[in-house]
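Thanks for coming. I have one structure to go through today, so let me put it on the screen.

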Amino acid sequence: MNKWLLLALSASLLGGCQLTSSPESENPPSATVTEQPPTEAIASPEPASEPALAPVMLQEIAEVEIPPQAEADVWHRIRRQLTMEAPEVPRLVNQRNWYLRNPAYMERVAKRAAPFMHLIVEEIERRGMPLELALLPIVESAFDPFAYSHGRAAGIWQFIPGTARHYGLDINWWYDGRRDVLAATHAALDYLDALQQRFDGDWSHALAAYNSGEGRVANAIRKNKRAGKPTDFWSLDLPRETRAYVPKLLALADILKHHDTYAYTWVPIANEPYLAVVEASSQIDLAKAAEQAGLDLDTLHHFNSGYNRWATDPDGPHRLLLPLENARLLQEWLASADAKELVRWTRHKVKPGESLLVIGRKYHTTAQAIQQANNLRSHIIRAGDYLLIPVATRDLNDYNLSAESRLASTQSKERGEYKIEHQVVSGDTLWDISRRYSVNLRALAKWNGMAPTDPLRPGKQLVVWLPEKQKPSGVVRSVSYKVRSGDSLARIANRFSVTIADIEKWNQISRSSYLQPGQQLKLLVDVTRLNSQS
């Protein structure tokens, strides 16, 4: 615990002698002051007739403890306020040992956490909540703002869509509040506070509920009560993931609290604000904001990972988190900039047959944004009309952290010997597609930046990676075939140069099944080998 010592010195002077000193700079409360050994004074010869100085009287040394908020390192600020018990049980010990064996992992996590940790700690303290919660994003997402789980949870706090919307986080084409660190932190603490109230102040129950749902935890408590068993977290029958979840958090808190005991060094994070909030008056192009803030686009987008596209949502928020100096530069520019300068505009002449939806897709914006920009009361437009369209300042490929660019990067990572591009047709599910290509469902979802339960829209392009032994020849495409009167599996297989077994596998049917006219079959077809009559 950092302490700074105040040493008061008093001296009695005789014969009118005066002791003067030069002013000294005062140590800031956050500085660690170490006691220095006294240095020997060199006495000047004094006339014999002069009386000697009286003995120096030392006042009692008073130890004054600085508050946690004055610590130089935010980890020390957290450490001094940890209160939750970390019992020596196997589940917790195993998690603690894993963290202790993987310091490189914790170093990476700390570097990701550095920009955001101060604002998170400030909000937790403001609410009077346990400081252990500041470590929760390590467990949830390793502090990766773009983390997306197999359960459709996103952001550093890993909100699923339903819970996110319930706690006020919007999710749309432009913006995903789950990945907005500032908004998601407020929502997560709201949710955790509601859970601890739901479970009568028991934070271990609240944390378990945050992971697996309050209904599941409540049912486990009721089950133990009926059986006459203890109802503490460690006694509950919960899913495997949840049984490890709370121990992970408590293990991290224990390592931090007793870092000297474990000889464990946490990468220092300055206990001072790193980011400031800048509010724009309307939709702003992220590239334009980066330019005016003197920041590269990827860094700005990383701090503002809630934005899916090249600009903020036309309906807001238009809030940006920026390092302090960059925030100052952007704020100065915004103070004198006109709203029309925040995005680039192009003039579009409506062609016959065009709709706002079609025009929006062409310019990578939405029909609602065009409607709002042109003060249109409805979606009705006429050929020959002119519309002002908000467009990106730079080439869309420059927005590396937009949803499209991140998906393209994910899909381009090589995961096998052969890549197939599958276009989703009506009725497709990830499970169907995984069975059709004989690949793992979770792997298929991961290759496409999705969760296994995510819905698919017709026309979406998916990638499927196959091993060499499954490599198809020629040019393969996924097609949807409508069964005609008189068709049989053998006739369809012959027409498309595939096997009956393939059709059965792709459509989860057997050759004993009757085909109905109009029935849709999904086929993986080498278009270079199609029979001419197909």
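Which residue lies over the face of Trp345? Lys340 does, at 4.3 Å from the ring centre. A charge is taken to sit over a ring if NZ of Lys or CZ of Arg is within 6 Å of the ring centre and within 35 degrees of the ring normal. Arg309 lies over the face of Trp173, and there the distance from the ring centre is 4.1 Å.

Before going further, the conventions. This is a predicted model, in which local features need pLDDT of at least 70, side-chain atom pairs count only at pLDDT 80 or more, and totals for chains, interfaces and linings use all residues. Residues are numbered from 1 along each chain as its sequence is written, and side-chain values use heavy atoms, with hydrogens and water left out.

On confidence: pLDDT is the predictor's confidence in each residue, from 0 to 100. The protein averages 84, and 84% of the residues score at least 70. Over residues 1–62 pLDDT stays under 50, and for that stretch the model has 40 contacts beyond four places in sequence. A contact means heavy atoms within 4.5 Å. Where pLDDT is low, the predicted coordinates should not be read in detail.

Now the overall picture. The secondary structure comes to 19 helices and 12 strands; these are DSSP runs numbered from the N terminus, helices being H or I with at least four residues and strands E with at least two. Of the 534 residues in the protein, 45% are buried. Buried means under 20% relative accessible area, exposed over 50%, and partly exposed in between, with a 1.4 Å probe and protein chains only. Among contacts with a separation of 6 or more, 68% are accounted for by residues 24 or more positions apart.

Next, the rings. A pair of aromatic rings is described by the distance of the centres and the angle of the planes. Rings of Phe, Tyr and Trp (its six-membered ring) pair if their centres lie within 6.5 Å; planes under 30 degrees apart count as stacked, over 60 as edge-to-face and the rest as tilted. The structure holds 14 such pairs. One of them is Phe233 with Trp234, edge-to-face at 5.1 Å centre to centre and 80° between the planes. Phe233 is buried, at a relative accessible area of 1%, while Trp234 is partly exposed at 25%.

Tyr274 and Phe303 have ring centres 6.2 Å apart and planes at 75°, so this pair is edge-to-face. The pair links distant parts of the chain, 29 residues apart: Tyr274 is in the loop between helix H9 (240–257) and strand S5 (275–279), and Phe303 is in helix H11 (residues 297–303). Tyr274 is partly exposed at 41%, and Phe303 is buried at 7%. Ring pairs also link Phe159, Tyr167, Tyr191 and Tyr210 into a cluster.

Helix H2 (residues 90–101) has 12 residues and reaches 16 Å from its first C-alpha to its last, close to the 16 Å expected. The expected span is 1.5 Å times one less than the number of residues. Where do the buried residues of H2 fall, seen down its axis? They are Leu92, Val93, Gln95, Arg96 and Tyr99, and they fall within an arc of 165°, so they line one face of the helix. That arc is taken over the directions from the helix axis to the C-beta atoms. The face turned away from the buried side carries the exposed residues Pro90, Asn94 and Arg101. The buried residues of H2 pack against helix H3 (103–127), helix H4 (136–141) and H9.

Helix H6 (residues 181–198) has 18 residues, which should span 26 Å; its end C-alpha atoms are 25 Å apart, which agrees. Its buried residues include Leu189, Leu192 and Leu195, and also Tyr191, a member of the ring cluster. Just after H6, Asp200 takes a positive phi of about 55°.

Last, some loop positions. Pro452 lies in the loop between helix H17 (441–447) and strand S10 (461–466). Leaving aside neighbours within four places in sequence, Pro452 is in contact with His150, Leu430, Leu441, Arg442 and Ala445. Glu414, in the loop between helix H15 (403–412) and strand S9 (418–423), is exposed at 66%. Glu414 and Trp465 are 51 residues apart in sequence and 7.8 Å apart in space, C-alpha to C-alpha.
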